[in-house]
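Subject: Structure for your review

Hello,

Here is the structure I said I would pass on.

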Amino acid sequence: MTLMLWSAASWPQSLSPYSAFQGLNEAELSTVQVKLGPVGNRLGKEYVLAFTSTMATLDLSVFAPFYRPKFMGSYALDSARPQSFAASPQEVAAVIESVGAVPSIADGGVDSNPGLSFAMSVVKGDTVRVFESMLDTTDARLLFGRLLGALASNAAGAKQVVLYACSRGLLPGPTATDVTAQVSVVTRGFRKDRAHGQYVGKVRLTNTGVLAIPAPVVVAFFPGENITLVGSSGRTCGVWPYGVPYIEIPVGGALAPGAHVGAVLRFENPDDAPISFAPYRIYAGPGFH
Amino acid sequence: MSRLTAATLVLLCLPTVSVAGAITVSPSCGSPQTHFFVSAGGFRTPCACSDCVPAIYLSVDCCSVYALTQATGCLTDAGTFDLQTSPMQCGPYCPSIFTPGVHVATAYVIGDCLMPGGEYEGYYECVQTTYTVVASVPDPWANGSHLYTDIAGRDSVVITFNPPASCGVADCQAVYLIQSTRLRGIVGSDTLCVPMNTFTYSHVSAAELEKRNATLTSACVRIDADASEADPYMNGDIDGQDIGAHGSSGPTPSPSWTWDSPEATSTDTLLMEFEVDAYCGKGQNRGEFLGKLFWIYKVSPGSVGTAMLDPRRGADLGGPTPEFREAYALWLRVIRGSNPANPRIPSKGGNVCP
């Protein structure tokens, strides 16, 4: 592991206004780096999330001369391994345009109770320009919404942003609806399919309520330690149980009252450990999981 | 009525296998200080065992280390025991079970069953295995922590668990590090628990803090993991939330490491107490804890924090503290709705007793 320590020489340098990032040409866009990081007291596993153009290599050291002295402790995570993803220059431009429409973010100020640093760097000619805005939870939630909108076609990037927002309880929208109480669930199995080396089981969902259950319908559960749900649609973050795999059960547009649907579940289970299905939750309709 | 003898076996449910019971000692090699975990189970039972009086006995050399009896019913597993903490009764001429050399661990089940005719018939099965004690083994925590100081003078710490090859630590395909934390405010000579939702964490929502606070035990200890994490590991496989790498133990071990950098300010002096436990997450010994290390972080008003190994508690290769276990169980229950994995009862291992 390498921990970098920044040189203290010649900082802090002046931050640039947001306008310095608007109207960038293609070459300049390819140098833009966007960085999100926690501010203030830390708990748990905090990290920096950053992205840059697919044509550039991430280099967070360019931010160091622009650190705000009052928040030096908050920048310590820049020197640890940041989590990153790539975005196209067009996606970077979309981010700049979308976020720029939120004055309380584009002002480059420090909110009264800041918890998130949103910073960007760009190389213009031979000069590095850096913008930073320190946001409270309200503005941070707005920022995450703008980022997700601009990165809608970047699945890997959007996934990272959702996880970053969710781990702070700052998802920019509602979670899917818990419909567990109006669904009867029957499982069968789970036995080892020796042909594939996987464990196989079946789950059958019946809508026992009087209202149709809108798609998508997902089942979330923790199968057990070191057991992988094959074909998982994702991992929960905003709904309980947290951090477990979920799988979408195809129901068409909705699961009508009295109707049922089944699916085959497959698991990688190298330790041949017992697979658990309970507790589970069924979520339906739009929203974060 | 014939009482129990090894020769009068009743019909067993698995008559086609020569031996169904198994016994393992993990690790199979270590020093006198090593925590050897003995697991035994998988013993056959009579098909109708509800009227049996069974017992499982575990011994090492000529020391009796464990006995599990049951009034009536079926008994197939003895469970898992730490030889360092198991009460034992040794004969007057028995050397210590931790004396350097090869030791024999034996498990046997013996039962007496009431048959339909009103008579009793017995059953018996015995398996044994060996483990080796050597004078000393390298300490996986020997270089367990390295401190770094950032440009602002704040400390961060790299925790490393580096098991030696083959001897001293149970084989494990993936060794993860789980950390518990206790945050206390020091006011005069008193210490107060600082719950998550009474401290200022401006980067997370109030709802998220409530969620995390629900994982705080009455002893003010919580597992240091986000509520949204797929696992409680510091060095797991989740991008971003986990940092470091998980290694392995066994014949070709590799180190496991993680990094932490606390950051806290308060009008009171704060003390964060951390316990890092090495945990086997993959392989036949999944569910076993392999050792623990303690470090602390202290910060006074107006100053930067200082991290150091906890001068009050040394690292060891034993299981977690009760406070950690309680926090770990609570985290799993609140976040996942699950319980801690039990060390697995072996389905194979050992040989039929001669």
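Helix 2 of chain A passes helix 4 of chain A in a right-handed crossing. The two axes come within 9 Å, at a crossing angle of roughly 145°; helix 2 of chain A covers residues 89-100 and helix 4 of chain A residues 137-150. On the helix 2 side of chain A, the contact is made by A:Glu91, A:Ala94, A:Val95, A:Ser98 and A:Val99. Helix 4 of chain A contributes A:Leu143, A:Arg146, A:Leu147 and A:Ala150. Sorted by class, the residues of this contact between helix 2 and helix 4 of chain A are six nonpolar, one polar and two charged.

Before going further, please note that this is a predicted model, and the remarks on confidence below should be read with that in mind.

Helix 4 of chain A also packs against helix 5 of chain A, residues 155-166, with axes that come within 9 Å and cross at roughly 165°. Angles over 145 degrees count as roughly antiparallel, so helix 4 of chain A is roughly antiparallel to helix 5 of chain A. This crossing of helix 4 and helix 5 of chain A is left-handed. From helix 4 of chain A, the residues involved are A:Phe144, A:Leu147 and A:Leu148. They meet A:Ala158, A:Val161, A:Val162, A:Tyr164 and A:Ala165 of helix 5 of chain A. By class, the contact of helix 4 with helix 5 of chain A has eight nonpolar residues, no polar and no charged ones.

On the domains: the assignment for chain A gives domain 1 as 8-167 and domain 2 as 177-284. The C-alpha centres of these two domains of chain A are 37 Å apart.

A few backbone details are worth checking on screen. The peptide bond between A:Gly189 and A:Phe190 is cis, with omega about 0°. A:Phe190 sits in strand 7 of chain A, residues 183-193. In chain B, a cis peptide bond joins B:Ser26 and B:Pro27, with omega about -5°. B:Pro27 is in the loop between strand 1 (22-26) and strand 2 (29-30) of chain B. A:Asn226 has a positive phi, near 60°, although the residue is not glycine. Its place is the loop between strand 10 (217-221) and strand 11 (228-230) of chain A.

Now the confidence values. For the complex, the predictor gives an ipTM of 0.82 and a pTM of 0.85. Chain A has a mean pLDDT of 92, with 95% of its residues at 70 or more. In residues 1-10 of chain A the pLDDT stays under 50, and the model has 21 contacts for them beyond four places in sequence. The mean pLDDT of chain B is 85, and 92% of its residues score at least 70.

Regards

Terms used: Residues are numbered from 1 along each chain as its sequence is written. Chains are lettered from A and ligands numbered from 1 in the order in which they are written. This is a predicted model: local features need pLDDT of at least 70, side-chain atom pairs count only at pLDDT 80 or more; totals for chains, interfaces and linings use all residues. Side-chain values use heavy atoms; hydrogens and water are left out. pLDDT is the predictor's confidence in each residue, from 0 to 100. Contact means heavy atoms within 4.5 Å. Domain bounds come from an automatic or database domain assignment. Axes are lines fitted to C-alpha atoms, for helices over the stretch in contact, and angles run from 0 to 180 degrees between N-to-C directions. Helices (H or I, at least four residues) and strands (E, at least two) are DSSP runs, numbered from the N terminus. A crossing is left-handed if the near helix is turned anticlockwise from the far one by less than a right angle, and right-handed if clockwise. Ala, Val, Leu, Ile, Met, Phe, Trp, Tyr, Cys and Pro count as nonpolar, Asp, Glu, Lys and Arg as charged, and the others, Gly among them, as polar. Angles under 35 degrees count as roughly parallel, over 145 as roughly antiparallel, 65 to 115 as roughly perpendicular and the rest as oblique.
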